[in-house]
Amino acid sequence: MNLKNDLLLRALKQQPVERTPVWVMRQAGRYLPEYRKIRKQAGDFMTMAKNAEMVCEVTLQPLRRFPLDAVIIFSDILTIPDAMGLGLFFVQGEGPKFKNPITSEKDVDNLPKINSSIDLKYVMDGLSLTSEKLNKEVPLLGFCGSPWTLLTYMVEGGSSKNFAKAKSFLLNHTTAAHKLLQKLTDASIDYLIAQIAAGANAVQVFDSWGGTLTPEMYQAFSLDYMQQIVTGVKKHCPDTPIILFSKGVQYNLSKMADVGADCLGVDWTTDLSLAKKLTAGKVALQGNLDPCVLYASDEVIKSEVKRVLSSFGDGNGHIFNLGHGMHPEMQPEKLAVMIDAVRQYSQK
Ligand code: 1CP
């Protein structure tokens with residue numbers, strides 16, 4: 001593979017690095033004026049996500065501005081449900097919506113089996129083009145959503161505050177819920193393998209809503225399926241690092257460390273020193289600056305970066321990131337301050 005900058009891949013394998021690699025979730029997005037320009041040209045989100053040139057351009061935009069150690073392909077976790085026929089669309093200011101949400105076991109039974117190389121070819125086209133244009137500069141990350149996080153959108157029909165419909169579905173249609181999670185798991189394994197074949201050097205599973213479940217339900221409805229994804233992808237691509245990011249699951253980090261992933265994303269509510277203890281050196285850790293620190297003064301950003309680096313402390317296997325994604329109203333200059341601080345303070 002021979003990447004010019006392989007800090008991220010080494011850190012994911014807990015190998016020594018000269019300094020802590022850094023990238024951020026949602027680094028390609030609305031906080032960048034150059035992103036908003038392309039987004040406006042495209043008209044709507046999915047038109048942009050299905051256009052390989054636009055995907056490539058938007059993926060590379062943050063790298064032109066900042067000395068990042070990785071890029072993440074511009075796409076969305078909801079591409080799989082869209083390919084299954086749920087009809088994804090975006091309403092200005094309201095986020096994603098589905099025309100045909102899941103309401104019954106029959107709806108689950110009727111979902112088609114998808115083939116990523118065909119039904120999500122546009123994602124692979126974007127990855128291949130981006131991989132080519134990147135010219136081995138930094139690693140390219142692929143991703144998918146966790147089956148549970150996808151289920152929340154598919155059953156709620158969009159975003160949710162309390163996940164009432166999604167959790168009711170787990171509680172009242174448990175068999176159908178497991179069937180749905182299994183279909184999503186099978187699709188995700190195929191999807192990530194195809195992304196790796198198209199040029200992704202590492203992959204991340206986003207379980208943004210894992211932390212809304214009780215520990216028992218988290219295990220049964222989220223972690224067990226993510227474990228299947230890890231096992232299924234590793235079977236075909238044993239050398240490609242896998243990152244699992246569940247938000248708000250401090251109580252589950254020790255169990256997560258045992259499923260075979262290379263790295264766990266940690267949100268800002270768990271100190272990295274505690275995450276390190278809970279995971280006992282089994283995985284690398286990614287995170288975990290509170291994204292809202294980017295609203296603070298440069299001095300505060302620098303001291304918070306220092307604090308995160310020292311909470312991880314000595315040893316290999318730290319990837320610096322935010323504890324969750326960039327917000328649309330954030331200033332790009334603040335991200336630059338954060339990245340410079342990571343590069344400066346983590347230098348060995
Ligand atoms: O119109 C726009 O421009 C909408 C904004 C936007 C963007 C920039 C959406 C809609 N998706 C994306 C890109 C995106 N989504 C990426 C690209 C790569 C990068 O990180 O730079 C990734 C990895 C995602 C993943 C994603 N989509 C997640 C998981 C991560 C997270 O933030 O928790 C989730 C939950 C989604 C659903 C989604 N898609 C878009 C929005 C606004 C949302 C969140 C809605 C909600 O809060 O429920």
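Rings of Phe, Tyr and Trp (its six-membered ring) are taken to pair if their centres lie within 6.5 Å, with planes under 30 degrees apart counted as stacked, over 60 as edge-to-face and the rest as tilted. By this criterion, Y35, F45, F74 and F90 form one aromatic cluster. The model is predicted: local features need pLDDT of at least 70 and side-chain atom pairs count only at pLDDT 80 or more, while totals for chains, interfaces and linings use all residues. Residues are numbered from 1 along each chain as its sequence is written, and side-chain values use heavy atoms, with hydrogens and water left out.

Across the whole structure, 6 aromatic pairs are found. In one of them, the ring centres of F45 and F90 lie 4.5 Å apart with planes at 45°, so the pair is tilted. This pair links distant parts of the chain, 45 residues apart: F45 belongs to helix α3 (residues 45-49) and F90 to strand β2 (residues 88-91), where helices (H or I, at least four residues) and strands (E, at least two) are DSSP runs numbered from the N terminus. F45 has 8% relative accessibility and therefore counts as buried, whereas F90, at 28%, is partly exposed; buried means under 20% relative accessible area, exposed over 50%, and partly exposed in between (1.4 Å probe, protein chains only).

Aromatic rings also meet charged groups. The charged end of K276 sits over the ring of F312, 4.2 Å from its centre, and that of K306 over the ring of Y345, at 4.5 Å; the criterion is NZ of Lys or CZ of Arg within 6 Å of the ring centre and within 35 degrees of the ring normal.
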